[in-house]
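Please open the model in your viewer and keep the selection panel at hand. The tour moves from one selection to the next and says what to look for at each stop.

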Amino acid sequence: MESNIEVKQLNYTPKDFASDQDVRWCPGCGDYSILAQVQRSFPEIINKPKENIVWVSGIGCSSRFPYYMNTYGFHGIHGRAPAIATGVKVANPNLDVWVATGDGDLLSIGGNHFIHTCRKNVDIKIILFNNRIYGLTKGQYSPTSLKGQVTKTTPYGSVDYPFNPPKLALGAEATFIARSIDRNAKHLQEMIKRAGLHKGTAFLEVFQNCNIFNDGAFDLLTDKETKDDHVIELKHGEPLVFGKNKDKGIRLEGFNPVIVDLTDGHYSINDLWVHDEFDPSPARASIIMSFDEKEGFPTPIGIFRQIIKETCEEGITRQIDEVKKKKGEGDLKKVLYSGNTWEVK
Amino acid sequence: MEKEKEKDPLELKEVTIRFVGDSGDGMQLTGTQFSENTAWVGNDLNTLPDYPSEIRAPAGTLYGVSGFQLHFSSDDIYTPGDQPDLLVAMNPAALKKNISELKPGGMIIINSDSFDAKNLSLANYSSNPLEDDSLSGYQVIKVPITTLTTKALEGIKLTPKEVSRTKNFFALGLMYWLFNRPLDTTINWIRQKFAKKPEYIEANEKALKAGYDFGDITEIFSSRFAVSPAKLPAGIYRNISGNEATAFGFLTASVKSGLPLFLGSYPITPASEILQYLSEYKHFGVKTFQAEDEIAGITTAIGAAFAGNLAVTNTSGPGLSLKSEALGLAVMTELPLVIVDVQRGGPSTGLPTKPEQADLLQAVFGRNGEAPLCVLAARTPSHCYTMALEASRLAIKYMTPVILLTDGYIANGSEPWKLPAMDELPEIPVKFVTEKEGFYPYSRNEDLVRPWAIPGTPNLEHRIGGLEKSNIYGNVSHDPENHHLMVTIRKQKLQNIQKDIPDLQVEGDEDAELLVAGWGGTYGAIKEAVEKARNKGVKVAQVHFNYISPFPKNTDVVVKKYNKILVPEINLGQLAYMLRSEFLTDVIQYNLVRGLPLRVSGILDKIIEIAGGKNGK
């Protein structure tokens with residue numbers, strides 16, 4: 001309850017989180033929206049004074065993010081943000097540690113740190129700005145670029161298969177996995193808040209438009225005309241329904257998701273798959289994540305799955321406490337003078 | 001304990017023993033136990049474990065031979081000994097690989113049971129050396145160790161394999177008899193180690209005592225030997241290896257600075273033990289983080305330094321290469337960080353279990369951009385303690401990464417360590433900034449050191465990172481003048497450390513013509529060579545660098561004072577390169593890169609050659 005009282009006293013506004021630095025992303029970049037939604041969400045989820053927030057980043061357009069937040073910030077080196085953030089969190093578990101990163105930074109050069117941070121369940125929040133392109137180096141393909149995508153380094157189309165980031169996070173046992181879209185401000189704010197309130201590694205993928213090197217990559221998911229038929233919003237305890245008139249649903253038949261028409265009288269809303277974001281088994285979340293690769297299926301956004309288990313720094317702190325209880329506070333002299341000692345007179 | 005002493009043991013001043021056998025024969029354990037015992041009876045000692053990088057190479061093969069050399073004395077000693085006086089060989093391969101190193105007329109104790117056709121052929125012996133006259137220049141003591149151990153253990157419920165594994169304790173017991181030693185240290189160790197396996201305690205103790213008694217009741221040795229306690233300075237001592245001393249150094253630095261210790265680390269030979277040791281000290285609040293790779297080892301440490309911990313990462317050569325980019329980040333963000341590089345043979349994977357000194361230039365220069373940092377080197381196993389403590393002090397005081405170089409020889413080797421009195425330990429003051437008034441992330445004190453303002457401090461929110469920052473204010477800056485200024489400031493800040501470190505100490509004949517200059521783990525060999533040369537009437541002085549970046553402030557004066565400078569190194573001349581370029585003075589190189597410590601005799605020959613005027617400038 002104590003923390004609730006604090007929240008009221010803190011009374012932060014979005015402006016409190018804006019630094020005095022000029023924001024220097026390209027005009028029209030999706031990063032502006034992510035920054036704005038973070039600043040708007042923070043007053044509602046930050047339950048301790050803001051000097052306890054640390055933003056860590058790697059290299060790339062998105063990694064300039066910490067400079068624009070009036071919190072502690074560390075602009076690291078390419079790919080290493082999750083490791084730097086882990087060090088910050090383990091060193092001082094009282095800090096709220098956030099990572100801003102991109103698809104090249106997190107999934108290519110930093111892939112190893114990403115999966116191990118998830119595996120260890122370090123309590124840090126990772127926001128992946130996924131624009132499916134290398135922006136800062138001016139337009140080479142990234143590990144989330146689509147097969148066939150034409151970029152500066154794939155003039156004949158990419159032959160690589162892209163990563164499905166939520167699936168990678170799920171495979172690495174991240175305890176909170178969600179997705180949102182830069183242009184869906186309300187939804188994005190909601191996801192940032194939910195990630196912030198999670199205890200453990202929270203992974204939030206944000207589809208972000210790079211209007212210079214990969215413009216329109218997510219148009220289908222953001223254009224008024226098409227978005228309802230191409231996006232499905234996951235809500236805990238609710239059936240999987242999508243479409244302009246909420247006229248389509250998804251059923252789970254065995255391991256297979258099936259799209260059904262809710263207007264032809266065969267199926268009603270009661271026959272649909274009801275989303276359970278707290279499902280202990282990762283199987284269903286994995287099937288939802290596979291919608292991305294299934295012809296005709298909508299792209300899911302929302303929280304795929306979240307579970308609670310001991311975090312890395314909790315484990316480290318617990319063990320320190322246990323050993324202290326067993327052996328007593330460390331006594332330097334006792335340790336140095338242990339073993340076979342002898343005296344020379 | 002002993003029934004009688006028929007004759008007095010033969011008093012020796014110093015002895016070098018080498019235990020050799022298969023990697024599975026427990027030679028490292030035997031050597032360590034004998035060392036502990038040697039330290040405990042008060043001899044000065046120095047050890048050199050030498051093992052293959054294969055954990056269990058096929059039994060009986062030449063490349064599976066593991067060894068442990070131990071030099072002990074009633075006088076001060078500084079090296080593990082050039083050549084053993086006594087070889088304990090558990091199989092033909094071990095004999096074959098080591099016999100050429102044994103001193104002429106030296107003693108060999110051999111497990112004769114292992115000299116069967118199969119093992120002889122695995123060792124590429126065309127005839128049995130125990131039967132031909134190839135060993136006639138040595139005193140050969142054949143002991144059927146396997147048979148005797150098996151007999152001694154009759155009735156204990158163990159598999160034949162388990163029984164055979166205790167034969168190293170038989171050999172150890174025999175050596176304890178030969179050197180007139182008590183068994184207590186090893187019996188205590190066995191009882192602690194196998195507390196949960198009483199049958200192992202019984203078996204190992206029986207094997208140990210059987211070996212001792214075998215020496216006592218048979219007359220295969222013409223006499224026993226004794227080495228009197230060394231006249232070391234008064235104090236409490238323990239035996240310590242370099243890696244354990246390094247771990248203790250950081251533990252002490254954590255206590256003296258009041259900062260929690262964070263070690264980000266990835267296992268690598270021969271540095272992993274530092275992580276292993278420190279992971280035991282959780283009751284000191286130590287946080288050991290076994291990272292996913294070398295890069296995460298250092299970057300987690302950088303994060304922990306930003307958050308206000310005493311941050312350390314440890315590695316060996318290839319790992320230092322992987323950490324290079326992050327070292328640049330630590331230079332740029334000006335955070336305190338200690339990196340231990342336990343050097344091994346390179347390049348690439350090289351010789352993982354063998355010592356070398358070839359990472360010096362990488363440590364001093366191996367980063368993109370102008371990225372100066374502090375480089376220190378430890379000279380002996382126990383000196384690792386002092387230098388780990390010193391590295392922590394300098395890192396914190398000057399907000400800089402510090403690389404501490406040790407090597408596989410001093411890391412695994414051991415020597416008696418005079419334990420420091422608690423009140424003699426240096427304080428390590430830490431000042432976290434808390435005042436908003438006048439705070440800027442890159443403002444600087446008189447030593448050009450920026451403030452350490454850690455997350456959690458109200459009103460001091462700021463951002464740092466790898467991009468160039470404007471001086472004082474710390475905002476991202478691409479301004480040409482500012483960049484030049486910052487590059488110069490970072491260099492000057494490092495140079496300012498000179499005021500805070502001790503001068504080079506000249507040992508030996510200060511007024512000599514010849515100075516022998518070294519750094520790191522070659523200290524002992526150089527010292528012994530210099531002393532031997534002086535005993536032969538050659539005038540020679542010695543300096544040894546604990547600080548290489550920056551060099552001590554009297555370095556210029558010292559190197560210019562001597563007509564000739566000899567620089568022995570286990571590389572192709574890296575300190576030599578630095579001395580020449582920094583002080584415009586020529587030096588004579590002595591380089592042997594065999595994956596082994598330098599021999600005293602080699603350095604001595606070189607000194608005499610130079611002093612004889614045949615190889616001056």
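Predicted model: local features only at pLDDT ≥ 70, side-chain atom pairs only at ≥ 80, totals over all residues.

Residues are numbered from 1 along each chain as its sequence is written, and chains are lettered from A and ligands numbered from 1 in the order in which they are written.

**Stop one: the contact**

Select chain A and chain B together; 51 residues of chain A and 59 residues of chain B take part in the contact, where two residues count as touching if their C-beta atoms, placed from the backbone, lie within 7 Å. On the side of chain A that touches chain B, the most residues, eight, come from α3(A); helices (H or I, at least four residues) and strands (E, at least two) are DSSP runs, numbered from the N terminus. By class, this side of chain A has 23 nonpolar, 20 polar and eight charged residues, with Ala, Val, Leu, Ile, Met, Phe, Trp, Tyr, Cys and Pro counted as nonpolar, Asp, Glu, Lys and Arg as charged, and the others, Gly among them, as polar.

Next select β2(A) and β17(B) (residues 463-465), which pair in the parallel sense over three bridges; strands pair if DSSP finds at least two bridges between them. Here Gly73(A) stands opposite Arg463(B).

**Stop two: the sheet**

Now show the open sheet of seven strands in chain B, whose order is β11-β10-β12-β13-β15-β14-β21, with mixed pairing. Its edge strands, each pairing on one side only, are β11 (287-290) and β21 (547-549) of chain B. Bring back α3(A), which packs on this sheet by touching β10 and β11 of chain B, its direction making about 150° with that of β10(B); axes are lines fitted to C-alpha atoms, for helices over the stretch in contact, and angles run from 0 to 180 degrees between N-to-C directions.

Within the sheet, select Thr313(B), whose bridge partner in β13(B) is Ile339(B).

**Stop three: a helix**

Which residues of α13(B) are buried? They are Ala326(B), Leu327(B), Gly328(B), Leu329(B), Ala330(B), Val331(B) and Thr333(B), where buried means that 20 or more other C-beta atoms, placed from the backbone, lie within 10 Å of a residue's own. Because seven of the ten residues of α13(B) (residues 324-333) are buried, this helix is largely enclosed by the rest of the structure. Finally, select Glu334(B), which follows α13(B) and has a positive phi, near 50°.

Notes:
Buried ≥ 20, exposed ≤ 12 C-beta atoms within 10 Å, placed from the backbone.
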